[in-house]
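Visitor: I am new to this structure. Please show it to me, and then I will ask my questions.

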Amino acid sequence: MGAYHLQLSLPFWEDGEIHEAISSVRGKLVDDLSQWSLKKATLGLIRSDLTKDLEKTQEGYPIVKAYNGKLPASIVEVGKIGKCKQPGAWLNGFSDDVILDRIWKRPCDYLNKIPLGGGIIAPDFSVKLHMSPKEKEYNIFRRNAIAAIAQKYDFPTIIPLTWAEYASFEYCCNGIEPEGIYAISNIGVMNDFISRKLFRVGLMEMVRLLNPLGFILYGYPMENTFGVPTTLYRNPHYALRKRKTVSLYEDFSSNQYRLRKS
């Protein structure tokens with residue numbers, strides 16, 4: 001049982017007529033603002049009640065304070081945090097969007113599940129190349145919002161850094177205070193050359209913009225994180241077949257670095 005008990009009442013957006021209309025655009029790319037509003041409703045993203053009181057940047061992104069405290073004793077998946085009794089365990093925000101949407105819809109429920117002395121790695125909502133710019137920007141907004149809400153209630157909070165193409169560098173750090181400890185993940189970056197290239201360039205840009213004190217890395221070991229002290233939290237679901245270390249400077253082939261489920 002969590003040691004925190006928040007009393008915040010959060011109304012949820014419900015409208016039968018709108019939800020009926022949503023079914024016609026579910027799963028489609030968002031091409032205009034009308035479709036985007038419907039898709040936000042589908043994903044539970046219309047949450048003005050949740051974010052209206054947060055301090056924001058000029059561009060509208062919630063401001064997240066830099067974290068420089070103790071590293072997590074362990075990180076626990078969203079679906080298992082409710083049964084975790086280990087003091088100092090943190091909620092792991094690296095997961096699929098369908099799971100992370102639960103935190104967005106019921107943030108207080110999940111914050112209350114965090115054990116005594118624990119914290120939260122804010123949800124790492126997807127920012128992918130194939131997504132529309134509005135979807136990527138809104139997922140960055142959601143990430144910041146959950147982190148800011150957790151900090152509002154004095155939860156230790158580490159925000160994950162995420163980016164896609166070069167254009168996303170302009171807003172992916174908006175609202176994040178520099179010189180803190182941040183979370184990164186290299187899961188999925190080995191799928192193709194473009195993903196590896198953008199991860200490498202993006203991480204270098206994050207270091208330039210934020211001057212990190214440290215990284216916590218969820219995934220696989222890396223030989224180089226551009227001089228930033230890094231602590232690895234291994235992904236328990238996948239393992240590298242041949243080599244255990246991934247170099248940011250190596251254009252490894254898909255044959256050499258195949259992933260398998262453990």
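Guide: Here is a predicted model. We can begin with Q86, whose relative accessible area is 38%.

Visitor: Is Q86 buried, partly exposed or exposed?

Guide: Buried means under 20% relative accessible area, and exposed means over 50%. Q86 has 38%, so this residue counts as partly exposed.

Visitor: Where along the chain does Q86 lie, and which residues is Q86 in contact with beyond its neighbours within four places in sequence?

Guide: Q86 lies in the loop between β1 (74-76) and β2 (89-91). S74 is twelve residues away in sequence, and the two C-alpha atoms are 8.6 Å apart. Leaving aside neighbours within four places, the contacts of Q86 are A73, S74 and P115.

Visitor: Which strands stand at the edges of the open sheet of three strands?

Guide: The order is β5-β6-β7, with parallel pairing. Two of these strands have a single partner each, so one side of each is left without a neighbour in the sheet. Those edge strands are β5 (181-185) and β7 (230-234).

Visitor: Which residue in β6 stands opposite A183?

Guide: β5 and β6 (residues 214-219) run parallel, joined by five bridges. Opposite A183 stands I216.

Visitor: Which helix gives the most to the lining of the second largest pocket?

Guide: This pocket has a volume of about 260 Å³. Its lining has six nonpolar, two polar and four charged residues. Among them are A148, Q151 and K152. With three residues, the top contributor is helix α6 (residues 133-152).

Methods:
Residues are numbered from 1 along each chain as its sequence is written. This is a predicted model: local features need pLDDT of at least 70, side-chain atom pairs count only at pLDDT 80 or more; totals for chains, interfaces and linings use all residues. Side-chain values use heavy atoms; hydrogens and water are left out. Two strands pair if DSSP finds at least two bridges between them. Helices (H or I, at least four residues) and strands (E, at least two) are DSSP runs, numbered from the N terminus. Buried means under 20% relative accessible area, exposed over 50%, partly exposed in between (1.4 Å probe, protein chains only). Contact means heavy atoms within 4.5 Å. On a 1 Å grid over the protein atoms alone, a cavity is a set of points where a 1.4 Å probe fits but cannot get out, and a pocket is an open set with protein on both sides within 12 Å along at least five of seven lines; lining residues have an atom within 4 Å of a point. Grid points are joined across faces, edges and corners, and a volume is the space filled by probe spheres set on the points. Ala, Val, Leu, Ile, Met, Phe, Trp, Tyr, Cys and Pro count as nonpolar, Asp, Glu, Lys and Arg as charged, and the others, Gly among them, as polar.
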